[in-house]
Amino acid sequence: IAPVIDEAMKLSFKSYVKSHPKSSEGTFMVVLHITAHGESLDEAKIEVNKVSEYLRKELQARGALVCEE
């Protein structure tokens with residue numbers, strides 16, 4: 001998923017995506033944390049949403065099951 005994350009971060013130079021691989025009882029998952037900065041909280045939220053939507057769309061297209069907390 002690294003190439004997808006790289007492309008997502010190119011959408012917004014104000015954002016950063018950190019991946020955390022995890023496994024439990026034979027199940028593998030990757031938890032993604034998306035952070036961003038901006039002139040205001042609203043601007044940062046827009047950046048996070050832009051990156052989040054891109055990741056969701058691209059990862060689902062590649063067969064990933066995407067869950068949000």
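**Surface**

I began with the surface: the chain exposes about 5,300 Å². Carbon and sulfur atoms supply 55% of that area. Accessible areas here come from the Shrake-Rupley method with a 1.4 Å probe, and for residues only the protein chains shown count as cover. I noted that this is a predicted model, where local features need pLDDT of at least 70, side-chain atom pairs count only at pLDDT 80 or more, and totals for chains, interfaces and linings use all residues. Residues are numbered from 1 along each chain as its sequence is written, and side-chain values use heavy atoms, with hydrogens and water left out.

**Overall layout**

I looked up the elements next. The chain has 2 helices and 2 strands. Helices (H or I, at least four residues) and strands (E, at least two) are DSSP runs, numbered from the N terminus. Their order from the N terminus on is α-β-β-α. I then checked the extent of the chain. Its C-alpha atoms fill a box of roughly 45 × 20 × 15 Å, taken along the principal axes.

How much of the chain is buried? Of its 69 residues, 20% count as buried. Buried means under 20% relative accessible area, exposed means over 50%, and partly exposed lies in between (1.4 Å probe, protein chains only).

I also looked at contacts, meaning heavy atoms within 4.5 Å. Among contacts in the chain with a separation of 6 or more, 35% come from residues 24 or more positions apart.

**The core**

Which residues make up the largest nonpolar core? I found 7 residues in all: Val4, Ile5, Ala8, Val17, Val51, Leu55 and Leu59. The elements that give two or more residues to this core are α1 (2–11) and α2. A nonpolar core is a set of buried Ala, Val, Leu, Ile, Met, Phe, Trp, Tyr and Cys residues joined through side-chain atoms within 4.5 Å.

I followed Val17 further. Leaving out residues up to four places away in sequence, Val17 touches Ile5, Met9, Leu32, His33, Ile34, Val51 and Leu55.

**Lys50**

Lys50 is in helix α2. Lys50 counts as partly exposed, because its relative accessibility is 36%. I asked what Lys50 contacts beyond its neighbours within four places in sequence. The partners are Leu11 and Ser12. Lys50 and Leu11 are 39 residues apart along the chain, yet their C-alpha atoms are separated by 7.8 Å.

**Salt bridges**

How many salt bridges does a search of the whole structure find? The search finds 7. A salt bridge is a side-chain nitrogen of Lys or Arg within 4 Å of a carboxyl oxygen of Asp or Glu.

Lys14 lies in the loop between α1 and β1 (15–24) and Glu43 in helix α2, so the pair ties together parts that are 29 residues apart in sequence. Both ends are partly exposed: Lys14 has 33% relative accessibility, and Glu43 has 22%.

Then I turned to Arg56 and Glu68. Their side chains meet in a salt bridge at 1.9 Å, N to O. This pair links distant parts of the chain, with Arg56 in helix α2 and Glu68 in the segment after α2, 12 residues apart. Is Arg56 buried or exposed? Arg56 is buried, because its relative accessible area is 19%. Glu68 is exposed, at 56%. I also noted a network of salt bridges that links Glu53, Arg56 and Glu68.

**Glu58**

Glu58 counts as buried, because its relative accessibility is 18%. Glu58 forms a salt bridge with Lys57, their closest N and O atoms being 3.6 Å apart. Lys57 is exposed, at 52% relative accessibility.

The side chain of Glu58 also makes a polar contact with the side chain of Arg62 (2.8 Å). A polar contact is a pair of N or O atoms within 3.5 Å; within protein, one must be able to donate a hydrogen and the other to accept it, and residues adjacent in sequence count only if both atoms are side-chain atoms.

**A nonpolar patch**

Ile1, Phe28 and Val30 make a nonpolar surface patch of about 290 Å². Patches are made of residues with over 30% relative accessible area and no salt bridge; like charges are joined within 9 Å, and nonpolar side chains (Val, Leu, Ile, Met, Phe, Trp, Tyr) within 5 Å. Val30 sits in strand β2 (residues 27–36). Val30 counts as partly exposed, at 32% relative accessibility.
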